[in-house]
Amino acid sequence: METTAKKLLIIGFVWPEPTSSAAGTRMIQLIDLFLSKGYQITFASAASKSDFSYDFSKTSVVEQQIKLNDQSFNLFLEELNPEMVLFDRFMVEEQYGWRVQQECPDAVRILDTEDLHCLRSARQQSDKKRQVLDLFSDTAKREVASILRCDLSIMISEVEMDILKNQFKIDPSLIYYLPFLEKEIDLQVVEKWIPFEDRADFVFIGNFLHEPNWNTVQVLKTKIWPILRKRLPGANLNIFGSYASQKVLQLDNKNEKFLIKGRALDAKETIAKHRILLAPIQFGAGVKGKFIDAMQVGTPSVTTSVGAEAMKGDLDWNGSIEDNLALFIDEAVKLYQDKNAWQVAQQNGVKIINQRYSAKYFTDQFIKDVERLASDLMAHRQNNFFGQLLNHHTAQSTKYMSLWIEEKNKR
């Protein structure tokens with residue numbers, strides 16, 4: 001007798017755009033993982049689609065446009081009756097979590113954090129105001145409350161796992177480390193890489209809607225490139241990224257060889273042609289997809305400790321990590337000119353991908369652990385009293401705000 005496929009509902013903050021951002025790539029990896037384990041997936045979002053939204057038509061994923069602050073979502077939930085619901089970022093859990101709890105109380109609620117938003121915003125404020133890092137912001141209160149309300153939160157960074165456990169005292173049973181899920185790099189892949197001699201120029205790539213990327217481009221323009229280009233007068237710095245606004249485009253300067261190129265149709269292909277990825281990232285959180293892409297195509301990178309955070313474990317970086325900008329420039333020059341150092345950096349990238357991001361180490365175990373949690377959901381929830389407290393109607397401010405907006409919209 002055939003067992004019916006388990007139903008997973010994913011509620012997206014946006015429709016995934018894997019060609020625009022690491023968050024989009026991450027979401028497609030999660031979808032592919034659940035599909036490979038036989039799940040029946042519905043992807044729902046209240047956002048509008050763009051020309052770059054992922055095409056689900058070649059998969060079995062069912063798409064559903066939903067409304068925010070609207071009873072129609074409850075009816076949709078009641079009809080679908082999923083065994084599992086995955087929220088794409090804490091803001092989505094705030095908006096829809098109470099409705100899921102109301103209509104599908106026995107569904108496992110999973111939060112995909114993407115990265116810790118409270119950590120990213122705290123670092124941004126610290127950088128901007130030149131103040132000591134303050135993690136305990138209103139964003140942190142909202143995000144941690146969302147983590148507590150859910151049965152499990154997927155984390156992409158071990159550093160963020162530690163912050164949640166040690167700073168916010170989150171019970172380890174509520175958070176789960178699941179990094180980017182990559183194919184291993186074998187000899188055949190390495191043999192196809194463009195060699196040192198056939199590559200030229202520096203590259204930076206990143207979605208410009210993401211504030212850390214825009215800030216990084218400003219650092220490159222004002223602090224790094226004016227010195228670096230004098231030391232390597234033959235090289236260009238090519239800046240790629242989706243959603244480049246006028247403020248980004250106006251930084252383009254052919255005389256300075258600082259070139260704004262806009263969206264890359266294929267990030268890996270674009271990075272593969274360049275000799276070095278430059279990313280002096282000053283603040284941010286999570287794990288950076290640009291470095292994963294660079295390692296996958298054998299492009300060494302020079303970045304900061306925040307840029308490389310949680311990515312390499314005890315292994316050597318595929319290039320250099322340097323927070324001092326003068327030394328950052330020295331490292332970029334050395335890697336650009338020294339073929340031997342460059343090839344060593346490439347091999348370091350292979351080790352990082354194969355030892356820390358190989359999908360085979362994580363996928364089966366993750367599904368087993370999630371299904372074990374689902375089979376013993378009552379006990380799991382009883383161990384999370386603060387979650388029960390936050391899910392209690394007296395603490396659900398998001399619910400009553402949503403109902404108020406719903407009523408207002410009827411008038």
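Which residues does threonine 363 touch, not counting residues up to four places away in sequence? Threonine 363 touches Leu33, Lys37 and Leu181, where contact means heavy atoms within 4.5 Å. This is a predicted model, in which local features need pLDDT of at least 70 and side-chain atom pairs count only at pLDDT 80 or more, while totals for chains, interfaces and linings use all residues. Residues are numbered from 1 along each chain as its sequence is written, and side-chain values use heavy atoms, with hydrogens and water left out. Helices (H or I, at least four residues) and strands (E, at least two) are DSSP runs, numbered from the N terminus.

- Strand β6 (residues 152-155) pairs with β7 in the parallel sense over 3 bridges, and methionine 155 stands opposite tyrosine 177 in β7.

- Another open sheet is formed by 6 strands in the order β10-β9-β8-β11-β12-β13, with parallel pairing.
- At its edges stand β10 (258-262) and β13 (319-321), each with a single partner strand, so one side of each is left without a neighbour in the sheet.
- Neighbouring strands of this sheet are turned by 20° against each other on average, direction ignored.
- Strand β11 (residues 276-279) and strand β12 (residues 301-303) pair in the parallel sense over 3 bridges, with leucine 277 opposite serine 301 in β12.
- Helix α8 packs on this sheet and touches β8, β9, β10 and β11, while its direction makes about 165° with that of β8.
- Strand β8 (residues 202-205) and β9 pair in the parallel sense over 4 bridges, and phenylalanine 202 stands opposite leucine 237 in β9.
- Leu237 and Ile239 point one way from strand β9 (residues 237-240), whereas Asn238 and Phe240 point the other way, and all are buried; buried means under 20% relative accessible area, exposed over 50%, and partly exposed in between (1.4 Å probe, protein chains only).

**Helices packed against helices**

- Helix α8 (residues 211-231) and helix α13 (residues 325-337) pack at an angle of about 45°, with their axes 10 Å apart.
- That angle makes α8 oblique to α13, since angles under 35 degrees count as roughly parallel, over 145 as roughly antiparallel, 65 to 115 as roughly perpendicular and the rest as oblique.
- This contact is made by Val219, Lys223, Ile224, Ile227, Leu228 and Arg231 of α8 together with Leu325, Phe328, Ile329, Asp330, Ala332 and Val333 of α13.
- By class, the contact of α8 with α13 has 9 nonpolar, no polar and 3 charged residues; Ala, Val, Leu, Ile, Met, Phe, Trp, Tyr, Cys and Pro count as nonpolar, Asp, Glu, Lys and Arg as charged, and the others, Gly among them, as polar.
- The axes of helix α4 (residues 117-129) and helix α5 (residues 138-149) come within 8 Å and cross at roughly 170°, and the two helices are therefore roughly antiparallel to each other.
- His117, Cys118 and Ser121 of α4 meet Thr139, Ala140 and Glu143 of α5 in this contact, which by class has 2 nonpolar, 3 polar and 1 charged residues.

- Threonine 363 lies in helix α15 (residues 363-375) and counts as buried because its relative accessibility is 16%.
- Arginine 120 has its place in helix α4 and counts as buried at 18% relative accessibility; leaving aside its neighbours within four places in sequence, arginine 120 is in contact with Asp115, His210, Pro212, Gly284 and Ala285.
- Tyrosine 39, found in the loop between α1 and β2, is buried with a relative accessible area of 5%.
- Leaving aside neighbours within four places in sequence, tyrosine 39 is in contact with Lys6, Leu8, Phe34, Met84 and Glu371.

Definitions and conventions. Axes fitted to C-alpha atoms, helices over the stretch in contact; angles between N-to-C directions. Pairing = 2+ DSSP bridges.
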